[in-house]
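Thanks for coming. I will go through one model this morning, starting with a helix and then moving to charges and rings.

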Amino acid sequence: MAMPRSAQDAERKRIAILGCTGSIGRQTLDVCRQHADKLEVVALSAHSNTKELVAAAREFGVKRIAVTDPQSVHDPILEDLPRDVRLYTGARSAVDICLFDDVDEVLVAIVGVAGLSASAAVLACGKQLALANKESLVVGGDLLMPMARPGMLLPVDSEHAAIFQCYQGENPKEAHCIWLTCSGGPLFGKSRSELSHVTVKQALAHPAWNMGAKISIDSATLMNKGLERIEALHLFHVDMDFVNVVIHREAKIHSMVEYVDGSVIAHLGASDMRIPIQYALSYPARWESPSPRLDFRQLASLSFGEPDTDTFRCLKLADIAGREGGTLPCVLNAANEVAVDAFLHDRCSFTDIDAIVEYAMDQHDNSPVYSLDQLSDTDAWARIQARCALDRISR
């Protein structure tokens, strides 16, 4: 039961942040610090980083926190929580803490397919969803989008936030195509043979964005762009041919929408995730921000090119999954999570990632999506197939 709010508190939007200790979660907390007069953090979740979770709970005075990792629920630091903070634990705990009446908007920054059930629960109870978990739409877009009323699902990915803004005030039926920009990642220009020797350190060194390990590797393989392309299909109700990937090394144009009259509306800005995060929390208003600004007098050039899908094969595999639809994107995503984790732990090479994903996709009998349980089963099956492929590589 929500307590009565003061007039000052009633002016603030009440936010739950799921995945508050990851890269997006931390930057969301930065935005909340900057706009404490407009945003009130009421619930936080983390998987295993209990130290940061407890620190954030104390700083923002939240009443509910969740720890989803069963190995971390007995961490001694959790005993230091203030007495009025309620601790939730278990796989569903991140969902449980955000369904209360005192939550207006939920930012889902949980990594991987684990964010899907949380996203579905948020939309089902009619709360606004700020979505930083692209896997929710890649895997379950067929289920989530029919649940999303206008203005209730706000994209946090820089590219999708950019496209969303390029559509504002326009008739989407008059759009000709979407130009989805891609920095090319840290390995741009390398040959296939060179990629086979890439180290984890090299793959993590993204030239433009500061991100978590999993998404950094996805950016290096270009799987991230493939997933974003599938995500765009659902968000903007278009098909794969409508969404064109363009290499833009400077990462200053975050995406563009071209209209039937030849006009192109582009979203430009600094490479700072706090900008799209803040817009997802302030929409439809725009708030002041300390984020860095572009000085167009200092931009030497803006370059564009076509991605090399023969070298970076994950982008091609995502194209296949997006075109076929059904449960195949779920297989793509699950196998990729297994492969990326293996690469990060030196159990496969960089080029083994797309081989593992392709193997799982080849074994799959595709079918239409009809439930979260079906997707959960498909995800589990795909992970088994990916581990089989990994075992073959390791022999």
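**A covered helix, then charges and rings**

In helix α5, the buried residues are G115, L116, A118, S119, A120, A121, V122 and L123. Buried here means under 20% relative accessible area, exposed means over 50%, and partly exposed is in between, with a 1.4 Å probe and protein chains only. Helices are DSSP runs of H or I with at least four residues, numbered from the N terminus. Helix α5 covers residues 115–124, and eight of its 10 residues are buried, so the helix is mostly covered. Just after α5, G126 has a positive phi of about 80°.

Before I go on, a word on the source. This is a predicted model, in which local features need pLDDT of at least 70 and side-chain atom pairs count only at pLDDT 80 or more, while totals for chains, interfaces and linings use all residues. Residues are numbered from 1 along each chain as its sequence is written, and side-chain values use heavy atoms, with hydrogens and water left out.

Now the charges. Side chains of opposite charge can pair when their charged atoms come close. I call it a salt bridge when a side-chain nitrogen of Lys or Arg is within 4 Å of a carboxyl oxygen of Asp or Glu. How many salt bridges does a search of the whole structure find? The search finds 27.

Take E59 and R33, whose closest N and O atoms are 2.6 Å apart in a salt bridge. E59 lies in helix α3, residues 50–60, and R33 in helix α2, residues 23–34, so this pair ties together parts that are 26 residues apart in sequence. Both ends are partly exposed: E59 has 44% relative accessibility, and R33 has 38%.

Helix α2 also holds Q34, which is partly exposed at 44% relative accessible area. The C-alpha atoms of Q34 and N244 are separated by 35 Å, and these two residues are 210 residues apart along the chain.

A second bridge joins R297 to D295, with the closest N and O atoms 2.9 Å apart. Is R297 buried or exposed? R297 is exposed, at 74% relative accessible area, whereas D295 is partly exposed at 30%.

D341 is partly exposed at 35%, and so is R347 at 41%. There is also a network of salt bridges, which links R192, R313, D354 and E358.

K214 is a charged side chain of another kind of setting. It is found in helix α10, residues 213–221, and counts as buried at 16% relative accessibility. The side chains of K214 and E135 are joined by a polar contact of 3.5 Å; that term means a pair of N or O atoms within 3.5 Å, where within protein one must be able to donate a hydrogen and the other to accept it, and residues adjacent in sequence count only if both atoms are side-chain atoms. Leaving out residues up to four places away in sequence, K214 touches V111, E135, L227, N336, E337 and V340, contact being heavy atoms within 4.5 Å.

Last, charges over rings. A charge sits over a ring if NZ of Lys or CZ of Arg is within 6 Å of the ring centre and within 35 degrees of the ring normal. K38 lies over the face of W287, 5.5 Å from the ring centre. R64 lies over the face of F100, at 4.0 Å.

Notes: Helices (H or I, at least four residues) and strands (E, at least two) are DSSP runs, numbered from the N terminus.
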